Every structure is written in structure tokens, then in C-alpha cells.
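Me: Could you walk me through this fold, one piece at a time? I'd like the cut-offs along with the answers.

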Amino acid sequence: MNSVVWWTAVSLLGFLAIAGGPAGAADFPTKPINAIVTVSPGGSNDIQTRAFASVADKILKQPIVVLNKPQASGMLGLMQGATAAPDGYTVTTSSMSEVCLLEWEIASGKKPEVLLTDFVSIGAFTVAPLIIAVNPKSPWMTFEDFIKDAKANPGKFAYSSGGLYRIAHINTELLSKAVGLKFRHVPYGGGGQAVTAIVGGHEDFASMTPSSSVPLIKGGKLRALAVHGGTRSKFLPDVPTLKEKGIDADLPQIVGLGVPKNTPAPIVEKLRAVVKQVTEDKSFVGVIEGQGDEVHHVGGDEFAKIQADASEKLAKLFKILIQEK
């Protein structure tokens, strides 16, 4: 091959390689992005992801298509998200519910096909401590009333949740261990059914997400006794936190996004910047706060650490729960 032709060919290949790298990241995205949600349409994570997509697509100039993958308790969606091409065109909604699911799989002796380390955290857009609520006809007017009665009647009272080893179940188990009491667990097929059970007076109490409880509390159909965690809800400023009472029993529902590991760093950083921009958008804040949740930006690295810390806490709790079976 003529040396000039050879050099030209090599130079062209080098140029294309460079163009396919940083230039590709700079141009990202050039086509629609899929957002996998591991719950059915209408749930809190689904609503939040759709609200995010409606703002982010204006920033990115490309549509974000929400795909609901609730099968196998969300494991199918997690696997599809983790094994998607690491090019930024598939993001997966990531929350504490998914951390609970994965840690329970591990604790119960299974080998999940996907782990948290298969994702790179993009960041979170909402943080919401759960709320302990009862039927308004309940004799418990305060958290202290509830604990006093529970101590006087060990094992008598039942709580509802949206399913085994999900966020509501875990928060109540943390509470149970922290106060040294046992409650009967009645799992339902979803968070909505668990809340309905309290409104209908079928169970005694529940730890609920703000989106499922705040509107009902304000409407007089539920009574809030306490907020898990250390910060009072801006929508329920008169409701005390467990931390105020010296109780550590909090696994907040944090909702954000992840992408497959090995996604190029420039694309990760671009998506991280978009998450922050969305949390500053008034229309996004309006949708989220309209359902009782609170917008709070958590950076990608911090979100990853929060999930890793939660994994350690859950591993210890699940070990105890398995021994108690």
C-alpha cells in the first residue's frame, strides 16, 4: 500500500474513533431514551419517573419513553436495565424498594442475576421518609398512645404493607426492633391496597409513603402519628419524627435513576446534570409536591453511598428476620 494512502487511512480511523468517543458524548442524545420502571403504572415511582421524563425530554431535546416492567417483583426490569447497552439510552428508576428486593434475594440464599454494582448511579430527585398512620377512629391520638397500648397488648396489633420485604414492611420491622415490640404483618398486593386496609379499619396501622398518605391525612381519612426519620414533613409540620423520640427506624424512599455500568463518563455526567436541572424545574416540583412527596436532589455518588449503606442495614435486618421464621 502506498505510504501516503496508508497514513491517510490510519489517520481517518483515528479521527473516527475520536469522533465516536467524546464527540458522541457531546452530541448525546440523538434518539429517544427508554426509562425502565420496575412497578406498574400509577404507583409513586411511576408517577415520579413520568414527571421527570416530561421535563428532562425538553432539556435533552429527545423524548423519554417510560417502560413499566413490574414482573417478578421488578427483577425483570432491573435485569433489562442492567444488561442494556451502556450508551445512556436506557435508564432505570432506582429506589429503596429495589435495594430491599435485591438484598432479600441475597439473604434468602438466592443468587440474583443483577446487583446494585451493575448500575452507575445518576442521582435522585425525591427523598421521602414514610409516615406512621392510623384510622381516624383509632383511640391512638399520639405515637406515645400507640406504643403504650402496644406494650400493654403484645402481639395484638396488625399492620398492613404493600408486600413482603418492600419499603413499608421494612420500615415497620425497623420500628418493631427499635421499640422491642412485635406486630402482626398483613401484606397486601400493593401499597394502595395496604392504605385502603387502614382507611377501612381492617388493620391497625401502617408505615406509608407520603404520596399515598398525605392527601388522605389532610382529608381526614387517616391520622398521622409520626414520621420515620429525622426531618418533619413540610406538608405535616405538626407531626413529630421518630428521631425526636430517640428512635432510629428509618429507611427513606429515595427515587432516582441508574444506567448500566461501563456507560461512558461524559454521558453519565450529562445525565447527572439533567437530574439536577429537573429538580429545579417548577412544573416538576408542582407534580411531586402535589402528591405529597418532596423534591430533593441527591448527587450520583451520594445516592450510591446511601444505597450501599442501606444494603448493609438491610442485610443485618434480613438475617434476623430469617432466624425468627
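What follows is a short exchange about the sheet, its strands and the helices packed on it.

Reply: Ground rules before we start: this is a predicted model, where local features need pLDDT of at least 70 and side-chain atom pairs count only at pLDDT 80 or more, while totals for chains, interfaces and linings use all residues. Residues are numbered from 1 along each chain as its sequence is written, and side-chain values use heavy atoms, with hydrogens and water left out.

Me: How many helices and strands are there in the protein?
Reply: The elements are DSSP runs numbered from the N terminus: helices are H or I with at least four residues, strands are E with at least two. Counted that way, the protein has eleven helices and eleven strands.

Me: In what order do the six strands of the open sheet sit?
Reply: Strands pair here if DSSP finds at least two bridges between them. E2 (64-68) and E11 (295-299) each have a single partner strand, so one side of each is left without a neighbour in the sheet. The pairing is mixed, and the order reads E2-E1-E3-E10-E4-E11.

Me: Which residue is the bridge partner of Ser95 in E10?
Reply: E3 (residues 90-95) and E10 run antiparallel, joined by four bridges. On the E10 side, Ser95 is partnered by Val255.

Me: How many bridges join E4 to E10?
Reply: E4 covers residues 119-128 and runs antiparallel to E10. The bridge count for E4 and E10 is eight.

Me: Is E10 mostly covered or mostly open, and how many of its residues are buried?
Reply: Buried means under 20% relative accessible area, exposed means over 50%, and partly exposed is in between (1.4 Å probe, protein chains only). E10 spans residues 253-260 and is mostly covered. Its buried count is eight of eight.

Me: At about what angle does H3 run to E3?
Reply: Axes are lines fitted to C-alpha atoms, for helices over the stretch in contact (heavy atoms within 4.5 Å). Angles run from 0 to 180 degrees between N-to-C directions. H3 (residues 75-83) lies across E1, E3, E4 and E10, and its angle to E3 is about 135 degrees.

Me: What share of the residues of the protein counts as buried?
Reply: The C-alpha trace spans about 95 × 45 × 30 Å along its principal axes. Of the 325 residues, the buried share is 50%.
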